[in-house]
Amino acid sequence: MSKQNQILGVFNDPDEVSEAVGKLLQNNIQVKDVYSPFPLEHVWEKLKLKTRIPYATFLYGAFGTAGTFAFLYWTSVINYPLIYGGKPTNSLSFIVLMFVLTILSGVIFTLATYLIREKMWPGREVNMPDSRSTDDKFVIVIEKDKNMDDEAVRKIDELLKKSGAVEVNMSNV
Amino acid sequence: MYNVKVRGVLIEGNKSYHDITQDVNGPLLSKTTPNWWWMAAFVASSMLIWGVWGFYNTVTVGTGTWGLNNSVSWGWAIINFVWWIGIGHAGTAFSIFLLVLHQKWRTSINRAAEAMTIFAVMAAGMFPLIHMGRVWDGFYAFPYPNTRGPLWTNFNSPLFWDVTAISTYLTASFLFWYVGMMPDFASIRDRTVSKIKKKIYGILSFGWLGSARGWLRFESAALLMGGLTAPLVVSVHSIVAMDFAAGIVPGWHSTIFPPFFVVGAIFSGFAMVLTLMIIVRKVYKYEEYVTRKHLDAIARVLTFVSLIMGVAYVTEIFIAWYSNSPYEMYVFFKSRAIGDYAFEFWAMIVCNAIIPQLFWFKKIRTNITMVFIISIFINIGMWFERFVIVVTSLSKTWLPSTWHNYSPTTTEVAIYVGTLGFFVLGILLFLRFLPMMAASELKGILKETSIVTENTKNHE
Amino acid sequence: MSGFVNIRRRKILRLTVPLFLFFILFLTSVSSYLGQTAEAEKNFTQCKACHTIGGGRLVGPDLKGIPDKYPEAWLIKFIQNSQAMVKSGDKEAVKIFNEYNKIPMPSHNFTDAQVKDILLYIKMGGKLPAGAVAKNAPAKIASASAQTISPAERYVQEKREGSRNLAIFAIVSGVLLLLTLVDLMFTHYMKAKWVNYVVLLSALWILGEWSWDYTTSLGRQQNYQPDQPIWFSHKVHAGQNQINCEYCHFTAETSMHAGIPPASVCMNCHSQVKSGKRTGKKEIAKIYAAIKENKPIEWIKVDNLPDFVYFNHEQHVKVGKLDCTECHGDVAQMDQIAQVKDLSMGWCLDCHRSHKVQFTNNKFYGAYKKLHEELRAGKIDQVTVKMIGGENCSKCHY
Amino acid sequence: MEKKYWQSLEVYKEMKRNTVSDSEAMPEFSIDGLDESEIKGKSSRRDFLKMMGFSVGAVALVSSCQMPVRKAIPLLNRPKELIPGVPNYYASTFYDGDEYCSILVKTRESRPIKIEGNDRSPISKRGTTARVQASVLNLYDDERLKSPLINGKQTSWKIIDKEIKAKLEILKNDNKEVILMTSTIISPTTRKLLDEFVKAYPNVKWVQYDALPMSAMRKANETNFGKTVIPFYHFENADVMVGFNADFLGTWLMPVTFSKQFAKGRKLKDGQTKMSRLYQFETNMSLTGSNADYRYQIKPSEEAAVLLKLYNTLAKKTGNSVFAAPAINTNVNRVANDLLKSKGKSLVVSGTNDLQIQLIVNAINQLLGNYGTTIDLNTPVNLKQGMESDMMQAMSSIQSGKAGGILFYNVNPVYDCIHKDNLKKAIKKLPLKVSFATTPDETAQLCDYVCPDNNYLESWDDAEPAYGFFSFTQPTIRPIFNTRQFQDSLLTWMGTEQTFSDYLETNWKKNFFPKQEKYAGFDKFWFQCKQDGVFYVASQETSQPAFKPTRLKVAKPGNSGLELALYEKISMGTGKYANNPWLQEMPDPVSTATWDNYVTVSPAFAKAKGLEQEDVVTINDKLELPVLIQPGQTEGTLGIAIGYGRSHAGKVGNDVGKNVYGLINAGNGIKNLLGTVVTLKKTSKTYPLALTQTHHVMEGRPIVRETVLGSFVKNPASGNEEHEKFLKSEDFSLYPEPKFDAFQWGLSIDLNSCTGCSNCLISCQAENNVAVVGKEQVKRGRIMQWIRVDRYYSEMADDPEVFHMPVMCQQCDNAPCENVCPVAALSHSDEGLSQVTYNRCIGTRYCMNNCPYKVRRFNWYEYVNNNSFDYNMNSDLGKLVLNPDVTVRQRGVVEKCTFCVQRIQEKKLQAKAEDRELRDGDILTACQQSCPADAIQFGNLMDKKSEVSRTNDTGRMYHLLESLHTLPSLSYLTKVRNKEA
């Protein structure tokens, strides 16, 4: 018992989960995380989770545009200007490529950022609190720190049960 | 918010979350591979082998083995290229457009559609390379640093835009597709009992957890990638269209081409999706997920698009007449309408503009067999469209002294059939080893889009 | 022969050092000679093969005092085409011809003026004022005669080793790369992940480096140094004996090909010089053999341009006034010729982009009105090859 | 031993053009210096080095960098005038028995690679024909005999000489006739030699034999003027020309000369508004007919009647007596009036070998007083001296057994004689049968001795095509094989040690040198002769001989069913060149067909008989030929080309088409190509014909722009209204128009001068290493020739007007092709050239689509070293003709006309090296250099005084498809027909 440092509330229904999270927060109990088979917007709202990926993506896109133009200009105006069909070397047709490559850099770097941020890579070992959370169960994880006595634990357990947890387990990660 | 009363149910038959997991993962986890799969795979691979022969023939002997000549120097290779690219549009169109537009009904189809995109675009991507005959020189088309000055590529050439656009498109849609699958890989990882599968799907899932924070980032990343890729759906085929529109060949040189091609692409793409899904839902018993409503929705889209196609054809012809250029007029009114390629021309009109109009009738729209047949017709019609554009225009250009007709050789046909084989084989492998529906997304919409089920009731 | 000449040459040097100061004074006073004698020196390199000045008899007579011995007009005629005179039965000519066992002196297409300069040069004992002498660089000759390996050759060797080492690196890093990947995916042996990533990146870098190095050398043969059918040393001929390049590569100024000398050209000297200092009779004998069997010598081409390139020596040597060494390296330092430059298209273009055209002193370029105006207006200070289409594909590819 | 390396191996006398060469050396031909060869595929550019035994090819061994080891093999002794990498030009003479032309031979590393026209010749004036251009390829023909043969087995000259001499002696002793059958000999020296030979062997009977003689004309002139000659014609002096089945621009007598003259009379340069007019009465649509202002279709049987009608009309108008003439409904009034208007400045010729016709023609010309102005009897033409009668005698003496031996020189009667079957049988019996053929042809097959003659590029000779016009042939290469010049053979058999080159020189020293005063010393004179290649002595005669009239009578043209009109193709001629792939693949200027002969029928006839193109029909129930529907063919007549159906021509020419010499109309012992009556039956079979053009009308597009003289005089820009419109309209382009400094190369083609003879096409092929692709590929629209001579009919009807238009790369300044190449293989040079870099091309073929002129050619296969394309580029010998300055394109590469950029570079370099500015006319493109009509001008458009700028500066100039605003550097001048609007 002493070793186990996590309280898992396992739910069947997404709505109940978000309610439960709400209750827990009201009783200022820190919810470490919520594991679910699909995204739960309400939970994010309740946990006040934010991400800054969109800003990053914008930068990547901007870089793509600028970089492409710089490259095109350097290659076909400065480095080796060749004349094709009487067109000026610095021609409108750059726009097409700038457009496409903006998207490419945006997509690739966004993905990269996401993976890095999530520390995901092929073959990373996982230890899920409850593997059913990729199937049909929704798991609330609560950190059990030293100063948390059994009373507190029981309270949490009760709270979870009340808000519809089908089972409440202790586990250690 | 999605309203079941208004829109009707998207997932039928009282599915619980677990059922979905079972239904999606089932085929992957089962040890036995169904016989129909083997048979299909055999047919597909024999097609592929014939294609490989054609490819070998081309590479060793030369493009002389094709029916092309100095006047008509683009033929089946380019036609098929454009055709495949067109088909390759459905996936992205589905997942991304509908994702951006929050169309919930896409969830059960988009995964398969995206897979289709990947393989279709791969099939398409081969053609420009084969078309050259000397495939080993293909790398010249990329601007890499070299000791030739350095000598770069011609950034004005639509063909170069093409190379860029298509590789971008392939990359983007592949990544998007893969990212979407990671949660489902995880789910398989956690369900399977076999050690190997666990390892493999574990690696594939990049160690997915499904925590709230993870989901948040995942959702935003996915949405961003989707949002970025969305314009590609338009741009890629516009650029393909520019291959022609930027050329001065009568019958090509027209501003209508980019939108016209994009629409055509979506047209053929949706048709191909229809064709596939009708088969898949049969063999995998997925009627509850891919419901008649889905098919109906697609059918409606097709009807609308086919109308646009019809308008496009008429516009083209009108402009040809309006331009009062003898060259344009000859191509449209002599060469196409009554000339050597009249059959292809009229086949195109009938298959694309007329037959789909049958969807106006609910009877036909709801009759799966009819829908299937019509979708096939559309695919054929779109192929003819590309034939008409490429060949008829080239065979009758500016100087009558250079006019020459074109007909394909076995080598060309073989290569085309080969890519069909490749495509089918790809889809089969996808069906066998990858989750063919986005389980997580399905779960996400289950509650709000299906009739209230038991397991949710008793908690009230 | 080479050694023989060398000893003589050094002796001459010592002998003529006192004369130096005098000459400087003299020549500066008649500086009008300078240009000519400098040219005369260049031309005289053709004579050096068979003659010395005060160096005693070689293939041909020692030229010391010759200018005074015969009337100038006669000498001019003789130098220009000795055989004609012999045929015409000129007594003196025939006498010399027989005296030097019937080895005809090849006719030289010098103008009378040039011959006069050469005669003057001989009068002067083959010396020039300091400035010119530096060009002549006796020091270099001294060092060249030593058996040490020349800078050019060392450079070539280093390059070869360099690329070999890189290849080894590449293989090692490839293995490392594989290990890291396996570890990241399956074994998870390495606990400190960053090590994996560092290895990963550096390995990729090295592989990239190597593949660039390898791919760029494809279809190229920089540092190519084949063994020739005859052990022929440019160091001896061009370096020590100072034979002018165009004496053997006779068409460099008149044709697209610089010209590999026909055996007959070799015979100009080797009909007499029958053994070399370092190779003895063995190598030179091959020439005789070739001629006896009437089989041409199959030299191996060293400087190979990439395929599909039209290169014209006349354009570069005569019109462009390029020095041979700019492309062929310091041949005078090589015993065994190697391709020093990589002869890539980029290399060609770099020169075309930077090199100044003989613009104002060739009437042909008069046609470029706009450029001339800009020059006059001072918009541009020089005309590079690029400005007159030096980057056009059809300059070299058709 | 000394001599060995101070003298060259073989001593030949020759002179290098334009540089006085002091050397007497002829280089060892086969050891080439100073040029690397490369492994196949990587580049075949210099593949010519791999030749014969000596393959100095790449020894592919693993060297330090996996590169093939390339050898550079210098000559043992370099002859002074041979500078490797620098071409030498030798003035020489082309004469093949039918056609004469004075030429320059371009040699590289002492290897003839190109024939050019000799501008110093007063006869051919720098012009050539396609056949002359292609003749260089015959030098490198794989079929050439490598050594003398006895009964088909190789042997040495010593042996064969001994045997033949012995036999000759025997025959001489028992006084058996020996027939020496040669083609027409126009070489005075050779004639002298032959006379001496006949003296040495009195039993030898010398017969000149022509496949297509012009005996009728000689006879006619004999009757009318007492001179058995062919007169010299001056088309340039004629205002009105009337041709009767005489294709004098294509194949008749001296096409080059006549083309030059014809063009001269029709040039509208520098404000000239006078122009001659050509009427053509003919059966087939000939090249000349296609250039006629007025063309009338007549049946062969009607020709005489029409002529007589013309004569009578003229006679009436001039008050001379008329002859009874059969009724004929061809209207000749217009012609008659025109002729009378320009009396003494007109010319009537007939190509028909028929005495009656030639007599009438003479009478008409006499009536019009053309003798002395447009016809010159005092400068007779020496071509075509063969007389059927001599041949008949020879035949009879062979058959009767009077003859005991026969020698064939430059003739192939077993192929092209009418009685070939009897001949075959007859000569089998003869004890001595010698052939001097260069290839084992049909006749040589039957000979037990074959003494292969040199190719003319390996021979010494002189020629006198027309009285006083001398011309010289000198070797440009040492005999490649163990062959010997015909004349040398004769000399040997006469027992003299002298070589023919000495014989020639001595003969000139004795007989011709005294005829001139210009040069005091013979050496100087001889040198000059060889340098110029020609030498002219004016004839002393001034007054034309008196005309003895004869009674003109004409048989009534019986309506005798299908009449056959055989004709010579400009490419194939009499069939000597059947094994020349260039000529086989050259499209016929009128029908655009390659690789075959066929039956041409009129559209109406085809409709009536239900014939389609390519249907196979039988002629006289035995000869099967495909049908080609030919607008302009006379109703009720058929046309078939001779010169096909060779059985022993070689790998290229064997069994191409059908041999129709048997159908020659030889009634009354005179060979007449026209008038044989035949039957035609349709079969169910079809046979593919490889035409380069499948659509024949302009669809009302402003492609060839034409006007008539009348409106041209009023407004030089008439017919060119499109161009006016183009100039008026503005703002085509987003981008500024390209600017140039110093050079912008331009080429202009005068559609009025161009006759469509296709000489440029072959010249270009020779200069630029253009591959031959074979019939199958031509049929599939993959012909390679860079120049395409488009031919349009005004309508696909029975009597169309014809347009010829050479189309090559237009070198557009706004080139559509350049924009679309993804790999930058195409770009624009600072001198206005649309440059193509072959080794960069990856073969997307986008440029080909986007080129509105469709002048870009794709290498669909590897055409070099590929056994499925077994033409000159597949044999080490054949590759010797390749031009080392031009890349040989490999498979999958797009190629096109480059304005002969290699020539531009060469001349620019020359100017730089000589420190002078580039002169206008320094650079001559291959097509321009030898154009017999001077229709092509090339030069610098930046230089406003240059020829091309001035030509463009007329109202007639326009660009092809200029509405596309591609801004071509190539411009055309409108065609002007001299006819009423």
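Which residue in strand 42 of chain D stands opposite Y958(D)? Y972(D) does. This is a predicted model: local features need pLDDT of at least 70, side-chain atom pairs count only at pLDDT 80 or more, and totals for chains, interfaces and linings use all residues. Residues are numbered from 1 along each chain as its sequence is written, while chains are lettered from A and ligands numbered from 1 in the order in which they are written.

**View 1. Two paired strands in chain D.** Strand 41 and strand 42 (residues 970-973) of chain D run antiparallel. Two bridges join them. Strands here are DSSP runs of E with at least two residues; helices are runs of H or I with at least four; both are numbered from the N terminus. Two strands pair if DSSP finds at least two bridges between them. Strands of a sheet pair through backbone hydrogen bonds, either parallel or antiparallel.

**View 2. An open sheet of four strands in chain D.** The strand order is 40-33-42-41, with mixed pairing. Strand 40 (936-940) and strand 41 (957-958) of chain D stand at the edges. Each has a single partner strand, so one side of each is left without a neighbour in the sheet.

**View 3. Chain D as a whole.** Chain D has 28 helices and 43 strands. Its radius of gyration is 28 Å, close to the 30 Å that the globule rule gives for 981 residues, so chain D is as compact as a globular protein of that length. The radius is taken over C-alpha atoms, and the rule is 2.2 Å times the number of residues to the power 0.38. The C-alpha trace of chain D spans about 80 × 80 × 65 Å along its principal axes. Of the 981 residues in chain D, 62% are buried (20 or more other C-beta atoms within 10 Å of the residue's own, C-beta atoms being placed from the backbone).

**View 4. Chain D meets chain B.** Chain D brings 42 residues to the contact and chain B brings 41 residues. Two residues are in contact if their C-beta atoms, placed from the backbone, lie within 7 Å. On the side of chain D that touches chain B, helix 25 of chain D gives the largest share, four residues. That side of chain D divides into 20 nonpolar, 11 polar and 11 charged residues. Nonpolar means Ala, Val, Leu, Ile, Met, Phe, Trp, Tyr, Cys and Pro; charged means Asp, Glu, Lys and Arg; the others, Gly among them, are polar.

**View 5. Chain B meets chain A.** This contact takes 55 residues from chain B and 58 residues from chain A. Helix 9 of chain B gives the most to the side of chain B that touches chain A, with 17 residues.

Technical notes:
Buried ≥ 20, exposed ≤ 12 C-beta atoms within 10 Å, placed from the backbone.
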